[in-house]
Amino acid sequence: MDILEQTTSDPEEFYASLKEKLDATHDFPEDYLFKFIITNDQSKITEIYKVFDGIKTTISNRDSKNGKYTSMNVNAFVLDADQVISIYQKVAKIEGVMML
């Protein structure tokens, strides 16, 4: 099962479940891979960069074949599951971003 697969419509319950899964499957602090797909819009890419400001990251972007979308892989050093969830919550506020 995908760790981000949302099985409930209640965001608080979803994030509580995600925290449990993250704590069970990861040994924090560690590098954590975030994956996003966004419309090929530089302002949205910049917004995602801002979410990771101050965090040690390695970021790679790749445009789709037709150039309409950009996939973004962000390998970030995170301290705990709460930091992972905080990042997902901030990115979720950016319109047009699909989190994988």
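Y32 is buried, and F34 is buried as well, in what is a predicted model.

**Aromatic residues**

- Across the whole structure, a search finds seven aromatic pairs, and one aromatic cluster is made up of Y32, F34, F36, F52 and Y88.
- Y32 also pairs with Y88, again edge-to-face, with 6.3 Å from centre to centre and 85° between the planes.
- Because Y32 belongs to strand β1 (residues 30–39) and Y88 to helix α3, this pair ties together parts of the chain that are 56 residues apart in sequence.
- Y32 counts as buried because its relative accessibility is 5%, and Y88 counts as buried because its relative accessibility is 3%.

**Salt bridges**

- A search of the whole structure finds two salt bridges, and K19, D23 and D82 are linked by such bridges in a network.
- D23 forms a salt bridge with K19, in which the closest N and O atoms are 3.2 Å apart; the two residues are four places apart in helix α1 (residues 11–25), so about one helical turn separates them.
- In general, an α-helix has 3.6 residues a turn, so residues three or four places apart point the same way.
- K19 and D82 also meet through their side chains in a salt bridge, at 3.6 Å from N to O; since K19 lies in helix α1 and D82 in helix α3 (residues 81–92), this pair ties together parts that are 63 residues apart in sequence.

**Helix α2 and its two faces**

- Helix α2 spans residues 42–51, and within this helix K44, I45, I48 and V51 are buried.
- Seen down the axis of α2, the buried residues fall within an arc of 110°, which means that they line one face of the helix.
- The exposed residues Q42 and K50 are carried on the face of α2 that is turned away from its buried side.
- The cover over the buried residues of α2 includes strands β1, β2 (57–63), β3 (69–78) and β4 (97–99), together with helix α3.

**E30, a buried acidic residue**

- E30 has its place in strand β1, where the residue is buried yet has no salt bridge, the nearest side chain of opposite charge being that of K56, 13 Å away.
- A polar contact does link the side chain of E30 to the side chain of H26, at 2.5 Å.
- When neighbours within four places in sequence are left aside, E30 is in contact with A76, F77 and V78.

- F28 and P29 are joined by a cis peptide bond, with omega at about 0°, and P29 has its place in the loop between α1 and β1.
- L79 lies in the loop between β3 and α3 and is exposed, because its relative accessible area is 54%.
- Apart from its neighbours within four places in sequence, L79 is in contact with F28 and P29, the two residues that the cis peptide bond joins.
- The C-alpha atoms of L79 and K44 are separated by 25 Å, and these residues are 35 residues apart along the chain.
- K90, which has its place in helix α3, is partly exposed with a relative accessible area of 44%; the C-alpha atoms of K90 and P29, 61 residues apart along the chain, are separated by 20 Å.

Methods. Residues numbered from 1 in each chain as written. Predicted model: local features only at pLDDT ≥ 70, side-chain atom pairs only at ≥ 80, totals over all residues. Heavy atoms only, no water. Salt bridge = Lys/Arg side-chain N within 4 Å of Asp/Glu carboxyl O. Phe/Tyr/Trp six-rings, centres within 6.5 Å; stacked < 30°, edge-to-face > 60°. Buried < 20%, exposed > 50% of the residue type's maximum accessible area, 1.4 Å probe, protein only. Arc of directions from axis to C-beta. Contact = heavy atoms within 4.5 Å. Lys, Arg positive; Asp, Glu negative; His and termini not counted. Polar contact = N/O pair within 3.5 Å; in protein donor to acceptor, adjacent residues only side chain to side chain.
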